[in-house]
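Dear colleague,

Please find below the structure that I am handing over to you. My notes on it come after the display.

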Amino acid sequence: MGKMDSTQDTMPRAPTAPRDFTVLGIETSCDETAASVVRGRPGAPGQILSNLVLSQFDEHAPYGGVVPEIAARAHVDHLDGLIAAALRDADLSLADMDAVAATAGPGLTGGLMVGLVTGKALAFAAHTAFVAVNHLEAHALTARLVAATPFPYLVLLVSGGHCQLLEARGVGAYTLLGTTRDDAVGEAFDKTAKLLGLGYPGGPQVEKWARDGNSARFDLPRPMTGRPGADFSFAGLKTALRQQVTRLAPLSRSDRADAAASFQAAVADTLEDRTRNAMRQVRAAATGDRPLPFVVAGGVAANKVLRARLDSLAAQEGFILTAPPPALCTDNAAMVAWAGIERLALGLTDKLDTGPRARWPLAQRA
Ligand code: KG4
Ligand code: ZN
């Protein structure tokens, strides 16, 4: 028996056939508590076996924004039950998991700790692998979960905390083409909603109100447009809107709708201009003239007006847009489980002493 084993060890190994992995994902970096089970392998779309998201909107609504302490407590209260329900929905048990993946950053430290401690404890108890996931990477890889988008691809990552253009070259390999110099775009949506009294969370409210508004009513700046490079800025836009709106107070319904529409149009123009520059940069470095993959990710990518604009921009510039369904753009754990699958397939697992990283940039500038 021992002899057989040693003979086998000296034999060249046949490459192991790619196989599916089943991973439990946990997301607690901000104000959604989420758990999901995903099965699959890199190179083919994954199968979402369960995907549960519990938003803490009601808890934070009175404050008009996320309160870290309230968020952390809510994660503690709900995460265990949500994980049990995600496993139940998938008709699987912890023992069936090839790994547990939890968001380790960037985000609010208290919330990250809740998800990380839980994920590590479950991995330890189940004798399974643990993967510490970068939340931004999870957003950026979602297109591969839904459409197996091949590397390399251009990503516009637009969320509550970030606004970046990246080139995704592979798992863990990103180049920063542009980023915001001040506010994140989702943050600008949220502040605009607060200014106009549209409620929280702001992005979906601004989109809803903008539908009935006149986008030409307010004359708002399009910061950074026309300049070289792919950096963003939203502070000037926010200030200009505040000045014009303050003059009008109290706001009528149509004032609100027009302001929302004008703001959203300015954001759309800005995102389009900056993304066009990044596309041209990527195109110049590419060989051949076949269409190149372009991915939009993060909560703001749920916005239908912005998606439509980016879709026609992609067509003009010789790119093909992959936009995940809105529920996979906003924070969820399926994207975390999928990032876990991508890393596990490369043997990239993490130790159980991994800690939270409130700041965890995905990429350096080229
Ligand atoms: O990715 P995400 O769920 O959380 C972060 O990682 O930040 O993004 C949340 C952000 C919020 O600022 C929210 O207002 C924005 O995404 N958002 C939207 C829409 N849905 C969510 N912004 C514009 N239009 C939407 N439909
Ligand atoms: Zn996010």
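This is a predicted model: local features need pLDDT of at least 70, side-chain atom pairs count only at pLDDT 80 or more; totals for chains, interfaces and linings use all residues.

Residues are numbered from 1 along each chain as its sequence is written, chains are lettered from A and ligands numbered from 1 in the order in which they are written, and side-chain values use heavy atoms, with hydrogens and water left out.

The zinc ion (ligand 2) is coordinated at 2.0 to 2.1 Å by H135 (NE2), H139 (NE2) and D331 (OD). Donors are N, O and S atoms within 2.8 Å of the metal (3.2 Å for Na, K and Ca); water is not among the atoms, so sites may look incomplete. H135, in helix α5 (residues 135-147), and D331, in the loop between α11 (326-329) and α12 (334-345), are 196 residues apart and link distant parts of the chain. Helices (H or I, at least four residues) and strands (E, at least two) are DSSP runs, numbered from the N terminus. Both H135 and D331 are buried; buried means under 20% relative accessible area, exposed over 50%, and partly exposed in between (1.4 Å probe, protein chains only).

Two peptide bonds are worth noting. The bond from G105 to P106 is cis, with omega near -10 degrees, and the bond from F151 to P152 is also cis, with omega near -10 degrees.

Phi is positive, near 50 degrees, at H127, which is exposed at 75% relative accessibility. M224 has a positive phi near 75 degrees but is buried, at 9%.

With kind regards
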